[in-house]
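Subject: Structure handover

Hello,

Please find the structure below, followed by notes on what turned up in it.

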Amino acid sequence: MSQDLMFLTETVISGLMAGVMYSLVALGFVLIFKASGVFNFAQGVMCLFAALTLVGLMETFDLPGWVAVILTVAVMAGVAWIIEWAVLRHLVNQDPIILFMATIGLAYVLEGVGDLVWGSDVKVLNLGIPQGAWDWGLDNLNLYVEKLEIVAAVTAGLLVAVLAIFFQKTRVGRALRAVADDHQAALSVGISLRSIWVIVWTVAGIVALVAGVMWGSKSGVQFSLSLIALKALPVLILGGFTSVPGAIIGGLIIGVGEKLAEVYVGPFVGGAIENWFAYMLALAFLLFRPQGLFGEKIIERV
Amino acid sequence: MLYRESGQFKTSYPADQAIFPIVQDRWGLIAVLVVAYGVVPFLIDDYWSNAVLLPFLCYAMAALGLNILVGYCGQISLGTGGFMAVGAYAAYKIMTTFPNLDFIPVVLAAGLITAAVGVLFGLPSLRIKGFYLAVATLAAQFFLVWVFNKFGWFYNYNATGQITAPPASVFGTLVTGAHTHPAVTYLFCLSFVALFALVAKNLVRNRVGRSWMAIRDMDIAAEIIGVRPLTTKLSAFAVSSFYVGMAGALYFAVWLGSAEPTEAFGIDQSFLVLFMIIIGGLGSILGSFLGAAFMVLMPILLKNVMVDSLGMAAVTAKHVEILLMGVLIIFFLIVEPHGLARLWQIMKEKLRLWPFPY
C-alpha cells in the first residue's frame with residue numbers, strides 16, 4: 001500500500017474506534033429514550049459517576065477489580081431506583097422539555113455527589129485493560145491501532161449482542177419493548193411502568209459504567225468525562241433517538257467523519273474543528289432525513 | 001381584599017385591551033418602576049451593581065429573547081450562548097471601528113446582526129422538530145464559539161484572544177470601560193430592558209405573537225388555518241436572536257468589560273438561560289424576569305450561607321452548590337412545572353378571596 005492510502009486507512013480505523021466510544025455513550029441515551037421518552041442529558045455524568053465510584057471503591061477499600069465492578073453495578077441500580085422514586089414518578093405526563101430539564105438537574109446532582117464523595121481530582125483507572133499499540137498490527141500490517149480501542153470495540157460488540165438477546169429473548173426485555181411501543185397499552189396488559197423504568201435506568205447505568213471505564217482508561221477519570229455526552233448527541237440525531245443499531249452506526253459515521261475532517265479539512269480552516277464538525281454533519285444529514293438514519297418515521301396527525 | 005377586581009368596569013376598547021387591565025397590577029408595576037428608578041440608583045454600590053443587578057438585567061434580556069423562541073414559538077434552542085457571543089463580538093467590532101459612536105446604536109446594531117445570524121441557524125427548524133432541533137442548535141453554539149476563537153479579525157488580532165470593551169458613552173455619559181459609575185450602568189441597562197420588555201409584551205399579544213403560539217401548540221394545524229410556518233418560525237428566531245444579541249452586547253460591554261469566548265459564552269450559558277425561562281415560566285414575560293432573578297440570586301445566597309455562615313471550605317461549598325442547584329431545579333420542576341410565573345398567578349387567585357375564602 002502506498003503511504004497516502006496507509007495514512008487514510010489508519011485515520012479511518014482510529015475514527016471507527018473513536019466512533020465505538022461515542023456509540024457506547026449514545027447507547028445509554030437510546031435505551032432510556034426508547035423506554036420512557038426521556039431525553040436523558042445526565043447520561044454523560046452517569047458515565048463519570050460510575051467510573052468515579054469504581055475507582056473510588058478500588059482505591060479506598062483496596063478491592064479487586066471484579067468486586068468493585070459488581071458493587072458499582074449495585075450502586076448504579078440504587079441510583080436508578082432513587083431517580084425513579086424521587087424524580088420520574090412525579091413527572092409522569094409532563095412535557096418532554098420539562099423531563100429534559102429535570103435530567104439536567106439530575107446531572108448537576110450526580111456531579112455534585114460524585115465530587116463530594118470521591119473528590120474532584122483526576123484519577124487513574126487501572127482495570128488491567130492492555131494499553132499501548134497493537135503489536136501484531138504494527139508488525140504485519142504496519143498499522144497503528146491502540147489496544148484499548150480494540151478492547152472497546154469488542155466490548156461494545158458484546159454489549160450490543162447481550163442487549164439484543166436481553167431485549168428479544170427475555171420476559172423483561174419483551175416488557176421493555178412493549179413499554180417503548182406504547183405506554184398505555186403496556187400498562188393495560190399489566191406491565192408495571194415503574195419497575196420497567198428502574199430496570200431501564202439500571203441498564204443505562206451499566207452501559208454508562210462500561211463507557212466510563214473505557215473513556216476513563218483512555219484519559220483518566222475526571223470532570224471532562226461528563227462532556228463526552230455532548231459528543232454523543234450528534235451520534236444520536238444521526239442514528240435516530242430510538243434505534244440501537246442507529247446509535248452504533250451513527251457513532252461510527254461520526255467518528256470516521258470527524259477524524260477525516262480533522263485531518264483533511266482542518267488544516268485549511270485553522271484546525272480544532274472536531275468540536276462542531278459532528279454537529280454540522282448530523283445537521284446536514286437531518287435536512288434530508290429528519291428522523292435520523294434509523295429513527296421511527298415521524299407521523300403527525302391533526 | 002386588596003386584590004379584587006370587582007367594580008372595575010371597562011367602558012372602552014382601549015381600556016379592555018390594556019396590558020394591565022386590573023388597577024392593582026398597574027399600581028404594582030408603577031411601584032416597582034419607581035423603586036427601580038428612584039430608590040435603587042441612590043443605594044447602589046459596585047458590589048450590588050456587578051454581582052446582582054447587572055447580571056440580573058442582562059440575563060433577563062436574554063431570557064426574554066429565549067422565551068419568545070421556546071416559550072411562545074415552541075422551538076427549543078440550546079444555542080443561546082453562541083448567539084450572545086455574536087451580539088458581544090458585533091458590539092466589540094462596531095465599538096472599535098467607530099470609537100465615537102453612541103452606545104445605544106451599537107447595542108441595537110449588535111442585536112440586528114445577531115438576528116440575521118439567528119435566522120440563518122433557524123432555517124433547519126423548518127425541517128427538524130423537537131429534540132432533533134435542540135441538538136441541531138448545538139451546532140450553532142459550538143460553531144460560533146469556534147469561529148470567535150479561531151479568526152483573529154473578530155478580536156482585532158490581539159495577543160490574548162480576549163475582547164475588552166473600549167469606553168463608550170450614551171449622550172455623553174460613560175457606560176462602558178473602567179471609569180463608569182454603577183448607578184449609570186444600572187440605569188442604562190434597566191431602561192433598555194424595561195423598554196424591550198414592553199415591546200415583547202406587546203409583540204406576543206398581537207398577530208405575530210398569536211401566530212407563534214399557534215405554531216407552538218401544533219404546527220400542522222396552524223399551517224392548515226393559514227399561518228405560514230416559514231415566516232412565523234423565522235420571525236421568532238429573528239426576534240429572539242435580536243434580544244439575545246442585545247443581551248450579549250450588554251453582558252460583555254457593560255457588565256463583564258472583557259470576555260473570552262469559550263468561558264463567557266460556553267454551553268453552560270445556554271443551559272443557564274434555558275433554566276431561567278423554565279423555572280420562571282415558559283411563555284411568560286414576567287416569568288423571564290422571575291427566572292433570571294432566581295438563577296442569579298440563588299448561587300449568591302447559597303454561597304453566602306455556606307461559606308460565610310457555615311464556614312465551609314470554598315471547594316466543598318462549590319460542590320454542594322452544584323448539588324443544591326440540581327436539587328432545587330428538580331424540586332421546582334416537580335412542584336410547579338409551569339414555573340414561578342404560574343405560582344404568582346395562583347397566589348393572585350388566592351389573594352382575590354383573602355381573607356374570606358369560601
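A salt bridge here is a side-chain nitrogen of Lys or Arg within 4 Å of a carboxyl oxygen of Asp or Glu. This is a predicted model, in which local features need pLDDT of at least 70 and side-chain atom pairs count only at pLDDT 80 or more, while totals for chains, interfaces and linings use all residues. Residues are numbered from 1 along each chain as its sequence is written, chains are lettered from A and ligands numbered from 1 in the order in which they are written, and side-chain values use heavy atoms, with hydrogens and water left out.

Salt bridges

Over all chains, the whole structure holds six salt bridges. One network of salt bridges links Lys129(B), Asp219(B) and Lys233(B). Within it, Asp219(B) bridges to Lys129(B), with the closest N and O atoms 3.2 Å apart. Asp219(B) lies in helix 9 (residues 219–224) of chain B and Lys129(B) in the loop between helix 5 (103–122) and helix 6 of chain B, so this pair ties together parts that are 90 residues apart in sequence. Helices (H or I, at least four residues) and strands (E, at least two) are DSSP runs, numbered from the N terminus.

For accessibility, buried means under 20% relative accessible area, exposed over 50%, and partly exposed in between (1.4 Å probe, protein chains only). Asp219(B) is buried at 13% relative accessibility, and Lys129(B) is partly exposed at 32%.

Asp25(B) and Lys348(B) form another salt bridge, where the closest N and O atoms are 3.7 Å apart. This pair links distant parts of the chain, with Asp25(B) in helix 2 (residues 23–43) of chain B and Lys348(B) in helix 15 of chain B, 323 residues apart. Both Asp25(B) and Lys348(B) are buried.

Glu321(B) forms a salt bridge with Lys318(B), the closest N and O atoms being 3.8 Å apart. The two are three residues apart in helix 14 of chain B, so about one helical turn separates Glu321(B) and Lys318(B). Glu321(B) is buried at 11% relative accessibility, whereas Lys318(B) is partly exposed at 44%. Leaving out residues up to four places away in sequence, Glu321(B) touches Pro299(B), Leu302(B), Lys303(B) and Met306(B); contact means heavy atoms within 4.5 Å.

Aromatic rings

Rings of Phe, Tyr and Trp (its six-membered ring) pair if their centres lie within 6.5 Å; planes under 30 degrees apart count as stacked, over 60 as edge-to-face and the rest as tilted. By this rule there are 38 aromatic pairs over all chains. In one of them, the rings of Tyr251(B) and Trp255(B) have centres 5.4 Å apart and planes at 65°, so the pair is edge-to-face. Tyr251(B) and Trp255(B) are four residues apart in helix 10 (residues 229–256) of chain B, so they are separated by about one helical turn. Tyr251(B) is buried, with a relative accessible area of 4%.

Phe294(B) and Phe332(B) are also edge-to-face, because their ring centres are 5.0 Å apart and their planes at 70°. Phe294(B) belongs to helix 13 (residues 285–309) of chain B and Phe332(B) to helix 14 (residues 314–335) of chain B, so the pair ties together parts that are 38 residues apart in sequence. Phe294(B) is buried at 13% relative accessible area, and Phe332(B) is buried at 16%.

One aromatic cluster has members from chains A and B, including Phe29(A), Phe100(A), Phe131(B) and Phe271(B).

The loop at Pro337(B)

Pro337(B) is in the loop between helix 14 and helix 15 (339–353) of chain B. At 11% relative accessibility, Pro337(B) is buried. Not counting residues up to four places away in sequence, Pro337(B) touches Gln94(A), Ile98(A), Ile278(B) and Phe332(B). The C-alpha atoms of Pro337(B) and Gly281(B) are separated by 8.1 Å, although these residues are 56 residues apart along the chain.

Positive phi angles

Most residues other than glycine have a negative phi. Asn156(B), not a glycine, has a positive phi of about 55°. Asn156(B) sits in the loop between helix 6 (130–150) and strand 1 (163–164) of chain B. Phe171(B) has a positive phi of about 50° and is not a glycine either; its place is the loop between strand 2 (169–170) and strand 3 (173–174) of chain B. Asn156(B) is partly exposed at 31% relative accessibility, while Phe171(B) is exposed at 71%.

Regards
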